[in-house]
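This report describes one protein chain from the inside out. The chain and its coordinates are shown first, and the text then follows selected residues and elements.

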Amino acid sequence: MSVQFLDPEALAKISNLELIARKVVEGFITGLHKSPYHGFSVEFAEHRPYMPGDEIRTIDWKVYGRTSRFYVKRFEEETNLKCHILLDTSGSMAYGSAGITKFQYASYLAASLAHLMIHQKDAAGLALFDNKIQKYFPPRATRSYLTTLDTALQNAVTTEETRVGSALHAMAERIRRRGLIVVISDLMDEPEKILHGLKHFRHAGHDVLVFHVLDAQEIDLNFDGDIVFEDLETRERISTQPWHIKKAYSEEIHEFIETYRRGCREQNMDYFLINTKTPFDKALMEYLIKRARLG
């Protein structure tokens, strides 16, 4: 596996987002072929397991020779899943403690997912939001569309104060056809409002996958000495010694994360916590597992 192309901090040194996404996906696919997860490999994007009633002539015998399993070619309508990637561009996403910000990480992940989705013959779309929908690109399945999505992500910047919940509601009203909703955000807003926005997608019949992106320091608070913390959205500042507040902070962040984990589970939504040091193959595997369950 090309480990360097899955490491966030190494990728942050590359300025071309399209190149980053391509290298991440290539490294991921190479790893899949060498791992016990090859059953989720993208080479089966155009196949599905043989089921009673399928015509024997549709069996792909080359795939059988490699896997000793029966697969048949999928029809076009079986492969064209509509995937919407919703990327949070609010001010809090600009934070980064070492080498890469949450927004950079989230942008690389969004681009990599789009490349993988279209490689899988699925349609990928993109929405950039803060307190409202800033830009929206409907799902398409053509490789040429990746340039449009990569350019939008390359030019995206963090902007306004967070109101994730209202932006999710607006997006749920906009998307008509059922599909897969992938939310990439630090979820720095009132959990009740965000979960209510996510439920809107479920009520409309969508499947939902949430990538909760946090910086490692936001989880552990491993700072030394006197520190001045500044809110990236309100610019409010607080001076403190982190060791004084670490225990209480740890309890708060744990409850914050568990609220989302529990809320997503109750609505049959997939929740995956990642920090900006998490290799990208972990997140891409979560997507492929989700995609495999959708059939």
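## Lys102 and its surroundings

The side chains of Lys102 and Glu218 are joined by a polar contact of 2.8 Å. This value, like those that follow, comes from a predicted model. Lys102 belongs to helix H5, and it counts as buried because its relative accessible area is 0%, under the 20% cut-off. Setting aside neighbours within four places in sequence, Lys102 is in contact with Ser92, Met93, Tyr95, Asp186, Met188, Val213, Leu214, Asp215, Glu218 and Thr276.

One of those contacts, Asp186, sits in the loop between S6 and helix H8 (191-203). Asp186 is also buried, because its relative accessibility is 0%. Beyond four places in sequence, the contacts of Asp186 are Asp88, Ser92, Met93, Lys102, His212, Val213, Leu214 and Phe256. Asp186 and Leu87 are separated by 99 residues in sequence, with a C-alpha to C-alpha distance of 9.9 Å.

His212, in turn, is found in strand S7 (residues 207-214). With a relative accessibility of 0%, His212 is classed as buried. The side chain of His212 makes a polar contact of 2.6 Å with that of Tyr271. Not counting residues up to four places away, His212 touches Ser185, Asp186, Leu187, Phe256, Ile257, Tyr260, Tyr271, Phe272, Leu273 and Ile274.

## A partly exposed loop residue

Thr159 lies in the loop between helix H6 (145-155) and helix H7 (164-174). Is Thr159 buried or partly exposed? At 39% relative accessibility, Thr159 counts as partly exposed, because this value falls between the 20% and 50% cut-offs. The side chains of Thr159 and Asp130 form a polar contact of 2.3 Å. Apart from residues up to four places away in sequence, Thr159 touches Thr89, Ser90, Gly91 and Asp130. Thr159 and Phe129 are 30 residues apart in sequence, and their C-alpha atoms are 9.0 Å apart.

| Residue pair | Polar contact |
|---|---|
| Lys102 and Glu218 | 2.8 Å |
| His212 and Tyr271 | 2.6 Å |
| Thr159 and Asp130 | 2.3 Å |

Strand S3 (residues 82-88) is largely enclosed by the rest of the structure, because seven of its seven residues are buried. In a regular strand, side chains alternate between the two faces of the sheet. In S3, Lys82, His84, Leu86 and Asp88 point one way, while Cys83, Ile85 and Leu87 point the other way. Residues on both sides are buried.

S3 runs parallel to strand S4 (residues 123-129), and seven bridges join the two. Within this pairing, Leu126 of S4 is the bridge partner of Ile85. S3 is also joined to strand S6 (residues 180-185), again in parallel, by five bridges. There, Leu86 stands opposite Val183.

Nonpolar side chains tend to be buried together in soluble globular proteins. The largest nonpolar core here has 51 residues, of which Leu109, Leu113, Leu126, Ile184, Phe211 and Tyr287 touch the most other members. H5 contributes the most to this core, with 12 residues. A second, separate core of 27 residues has among its members Leu187, Leu195, Cys264 and Met269.

For Leu113, the contacts beyond four places in sequence are Ile85, Val182, Ile184, Phe211, Leu284 and Tyr287.

## Whole chain and confidence

The chain has 11 helices and 10 strands. Of its 295 residues, 47% count as buried. Among contacts with a separation of 6 or more, 74% are between residues 24 or more positions apart.

Mean pLDDT for the chain is 84, with 82% of residues reaching 70 or more. Where is confidence lowest, and where is it highest? The lowest confidence is in helix H4 (residues 76-79), with a mean of 50, and the highest is in S6, at 98. Over residues 36-43, pLDDT stays under 50, and the model has 19 contacts for this stretch beyond four places in sequence.

How values were computed
Residues are numbered from 1 along each chain as its sequence is written. This is a predicted model: local features need pLDDT of at least 70, side-chain atom pairs count only at pLDDT 80 or more; totals for chains, interfaces and linings use all residues. Side-chain values use heavy atoms; hydrogens and water are left out. Helices (H or I, at least four residues) and strands (E, at least two) are DSSP runs, numbered from the N terminus. Buried means under 20% relative accessible area, exposed over 50%, partly exposed in between (1.4 Å probe, protein chains only). A polar contact is a pair of N or O atoms within 3.5 Å; within protein, one must be able to donate a hydrogen and the other to accept it, and residues adjacent in sequence count only if both atoms are side-chain atoms. Contact means heavy atoms within 4.5 Å. Two strands pair if DSSP finds at least two bridges between them. pLDDT is the predictor's confidence in each residue, from 0 to 100. A nonpolar core is a set of buried Ala, Val, Leu, Ile, Met, Phe, Trp, Tyr and Cys residues joined through side-chain atoms within 4.5 Å.
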